[in-house]
Amino acid sequence: MAKKVTLLEAKLLNAEREVLELRSLTAGKPQVAFSAALMESGRGNVGPFTTNTPLKYKNVFSNTGNGYNPSTGIFTAPVNGTYFFQFSMFNNIGPPSNSAVALMKNGEWLVSVWDVSQSDGHDIGSNAVVIALEEGDSVYVLLLENREVYDDDMHHNTFTGFLLFAA
């Protein structure tokens, strides 16, 4: 019995050392990451709207650092740094397809995905960027006016971002 207690104590000490080592690796380093899908449940089109409209990704998979706001669809940088963002767009619209979204930084167009084919539907596209942000900068996906996207419980439309390294 004494050998088992000694062995368990040694394992506990080792585990405590590993936890301390992991904490030292992340200590003082900001952790920022989020990922979300457009709809929490159900299925259907989002849009069209008469003006360009930020998409609100309501099904939040993760939001470390709380930079993403599902009520507005806007990510606000909590720290200066270099960030990675990716978004996808799906339409389930029979001909003619009419989907277009753009990734925006502080109201300025960065990259986009379009599907305006006149001969098919059920298309998906994605895009990604690595950009420098300052604390308070905003990034969001904009659904262009008179366009629409489709989502369902397969979560085809996603918005993801994370801090690569702090400045």
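Which residues make the nonpolar surface patch of about 370 Å²?

Analyst: The patch is made by Val130, Phe162, Leu164 and Phe165. Accessible areas come from the Shrake-Rupley method with a 1.4 Å probe, and for residues only the protein chains shown count as cover.

This is a predicted model, in which local features need pLDDT of at least 70 and side-chain atom pairs pLDDT 80 or more, while totals for chains, interfaces and linings use all residues. Residues are numbered from 1 along each chain as its sequence is written, and side-chain values use heavy atoms, leaving out hydrogens and water.

Strand β13 gives the largest share of the patch, 3 residues, whereas Val130 is found in strand β10. Strands are DSSP runs of E with at least two residues, and helices are runs of H or I with at least four, numbered from the N terminus. Val130 counts as exposed because its relative accessibility is 52%; exposed means over 50%, buried under 20%, and partly exposed in between.

The largest nonpolar core has 28 residues, of which Leu55, Phe75, Phe85, Val101, Leu103 and Phe159 touch the most other members. Among the elements that give two or more residues to this core are β10 (123–133) and β13 (158–166), although β7 supplies the largest share, 4 residues. A core is a set of buried Ala, Val, Leu, Ile, Met, Phe, Trp, Tyr and Cys residues joined through side-chain atoms within 4.5 Å.

Of the core residues, Phe159 also takes part in ring pairing. The protein has 12 aromatic pairs, meaning rings of Phe, Tyr and Trp (its six-membered ring) with centres within 6.5 Å, classed as stacked under 30 degrees, edge-to-face over 60 and tilted for the rest. Tyr68 and Phe159 form an edge-to-face pair, 6.1 Å centre to centre with 80 degrees between the planes. Since Tyr68 lies in strand β5 (residues 68–69) and Phe159 in strand β13, this pair ties together parts 91 residues apart in sequence.

Terms used. Buried means under 20% relative accessible area, exposed over 50%, partly exposed in between (1.4 Å probe, protein chains only). Patches are made of residues with over 30% relative accessible area and no salt bridge: like charges are joined within 9 Å, nonpolar side chains (Val, Leu, Ile, Met, Phe, Trp, Tyr) within 5 Å. A salt bridge is a side-chain nitrogen of Lys or Arg within 4 Å of a carboxyl oxygen of Asp or Glu.
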